[in-house]
Number of protein chains: 2
Amino acid sequence: MNTALGVNLSFCVKRWVTPELWAPLVRDRLGLDLVQFSFDLVDPIWPDTILTDIAAELRRVPEEYGVRIHSAFIGLAHYTFNQLLHPDPRIRDYAENWLGRAYRFAAEAGIERVGGPLGAIASRLDGREQENLPDRDYDDLIARMRRLAGEAQNAGLEELYVEPTPLRREWPWTIDQARKMMEDVTGTPVPWRLCPDWGHATFEPLYGRYRASMEDWLRELAPHIGMVHIQQTDFQYDRHWDFTEAGAVDPEAAKAVLRHAGVDDRPVFLEVFYPFERDDRSVLDAVAASVVKLKHAFG
Amino acid sequence: MNTALGVNLSFCVKRWVTPELWAPLVRDRLGLDLVQFSFDLVDPIWPDTILTDIAAELRRVPEEYGVRIHSAFIGLAHYTFNQLLHPDPRIRDYAENWLGRAYRFAAEAGIERVGGPLGAIASRLDGREQENLPDRDYDDLIARMRRLAGEAQNAGLEELYVEPTPLRREWPWTIDQARKMMEDVTGTPVPWRLCPDWGHATFEPLYGRYRASMEDWLRELAPHIGMVHIQQTDFQYDRHWDFTEAGAVDPEAAKAVLRHAGVDDRPVFLEVFYPFERDDRSVLDAVAASVVKLKHAFG
């Protein structure tokens, strides 16, 4: 089975920020017709009048280039904050409101799915990281996810996504936690699903040298998985390198892993981040070369 | 002359996010009494009622620990966007409003100086980067900087800072551009000054192998320099490593560079960023070890 391949617009951050800029690149330079929008290009907290105009552009321009926006995901800017697990409940409320705005903006732009990481609790003075989220924080998070699914229904979305991250202070970071979370949000008006990332499930400093495995995540959570993020990485950090870098992820082997887990019918998005100071031309060349390799494996 | 050494709270991002968490770390773990606050800990766009409470805590808690906040700087989250040089003038207005809120929040928290990078123009489809900012964009930027100095005066601030970054799409990225910008904002009600960064001035892919030099920036712009950011780096990217990493910056040599340029009376702030997934304890150990090295050189 061919696996649908798209690209997260993370490579466009602070560079090709409008659809008039990124849509032609995606079609002509990358030869792709599927993207995942990034909230690093548009912050849903911007004033409504601006968002409404941008949403109209997002409905019109990508289509002119034959490019479809599958979903919209939280990027670097919003991920910098503790979001729904900030120690101050008022800032959790703000993050919940931010997501509600993100849903309405996405729906207005014709984007049917929204997702990303959920949040992080604060660190302790001694640097010791707990294995488990305190119950009251977990319960609060689930309550917010259930409310957010209602917001998503009101906005007109079809699916919401949790992206597990490899940090003890974020949630979920293990397969069991992810399964339990999916159970705990069963039956919401808009369903929550999972988006595992190839550089998260394989982060050896957290999971251990012989336990970090994308295959386990995909196989054990298959019914809950709606899409997958792929990146090149060395399993030592969540690198988000492109496939011109030397790393541990082989695209052909990745495709086999998706197939064995029975999830090769879910779309896969390349998500790569570049240092802001790297020059534009080399970024374009590197993303294009990476897409060629991935297409060869997945197409 | 001893050089005042402080730490930018970048190492606390999404970890030790409240003053009750970071102030004891700064005093007891790092043995410092001077910090630069980061807008990655508090987003000035948060609702006023929340900001007012946080500002009151920032006036009270650090002082209890004998820690002084020298200034507040833009962090990763806001730097992710094009800010004052976004192609849409309404988003430039939003960024200007964001800075006005940042000034009022800082003043309310008892912080007298605010700064950071100013913005980035969008990239071109062909990836070619212009050497110069278009005149209309530059003039608009200067007009905004002059207006912002008025906002800063109204808020009660004492100084504003530009942090030059090593990108052709941001501004200023050369010594001559920085000098011209300082001339073009002369006489504003609150003065604009410069904050060079050790990993920006030395970025060889932009400036060239034999031209990238922190010493040149410090010597030629000395009258305009109000503070300096230091980091470990390899001059190949803007690494923001700490001083446990192998790099090209030697703290003793850095101190000599500051002295020769006649700017060793300006405070120096360590600014280090860690992957979000790195564990808390190793971050604390690494920052503490770095501060020991810097104190030895600067103290």
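Leaving aside neighbours within four places in sequence, A:Arg113 is in contact with A:His70, A:Ser71, A:Ala72, A:Glu159 and A:Tyr161. The model examined here is predicted. A:Arg113 belongs to strand E4 of chain A, which spans residues 113-116. Its relative accessible area is 15%. Buried means under 20%, so A:Arg113 falls in the buried class. Two of its partners are reached through polar atoms of the arginine side chain. A polar atom of the A:Arg113 side chain lies 2.9 Å from the backbone oxygen of A:His70. A polar contact of 3.1 Å joins the side chain of A:Arg113 to the side chain of A:Glu159.

The second largest pocket was examined next. The volume of this pocket is about 300 Å³. Its lining consists of 13 residues, and those closest to the centre are A:Thr174, A:Ile175, A:Tyr207, A:Arg211 and A:Trp217. Three elements of chain A each give two or more residues to the lining: helix H6 (175-184), helix H7 (204-207) and helix H8 (214-220). H8(A) provides the largest share, with 3 residues. By class, 6 lining residues are nonpolar, 5 are charged and 2 are polar.

Backbone geometry was then considered. Most peptide bonds are trans, and most residues other than glycine have a negative phi. Exceptions to both patterns occur in this model. In chain A, the peptide bond from A:Trp171 to A:Pro172 is cis, with omega near 0 degrees. A:Pro172 sits in the loop between strand E5 (159-162) and H6 of chain A. In chain B, the bond from B:Trp171 to B:Pro172 is also cis, again with omega near 0 degrees. The loop that holds B:Pro172 runs between strand E5 (159-162) and helix H6 (175-184) of chain B.

Positive phi values were found in residues other than glycine. A:Gln83 has a phi near 50 degrees. This residue is located in the loop between helix H3 (76-79) and helix H4 (89-108) of chain A. With a relative accessible area of 4%, A:Gln83 is buried. For B:Phe235, phi is near 70 degrees. B:Phe235 is placed in the loop between strand E7 (228-230) and helix H9 (251-260) of chain B. Its relative accessibility is 19%. The cut-off for burial is under 20%, and B:Phe235 therefore counts as buried.

How values were computed. Residues numbered from 1 in each chain as written. Chains lettered and ligands numbered in written order. Predicted model: local features only at pLDDT ≥ 70, side-chain atom pairs only at ≥ 80, totals over all residues. Heavy atoms only, no water. 1 Å grid on protein atoms, 1.4 Å probe; cavity = no way out; pocket = protein on both sides within 12 Å on 5 of 7 lines; lining within 4 Å. Points joined across faces, edges and corners; volume = space filled by probe spheres on them. Helix = DSSP H or I, 4+ residues; strand = E, 2+ residues; numbered from the N terminus. Nonpolar A, V, L, I, M, F, W, Y, C, P; charged D, E, K, R; others polar. Buried < 20%, exposed > 50% of the residue type's maximum accessible area, 1.4 Å probe, protein only. Polar contact = N/O pair within 3.5 Å; in protein donor to acceptor, adjacent residues only side chain to side chain. Contact = heavy atoms within 4.5 Å.
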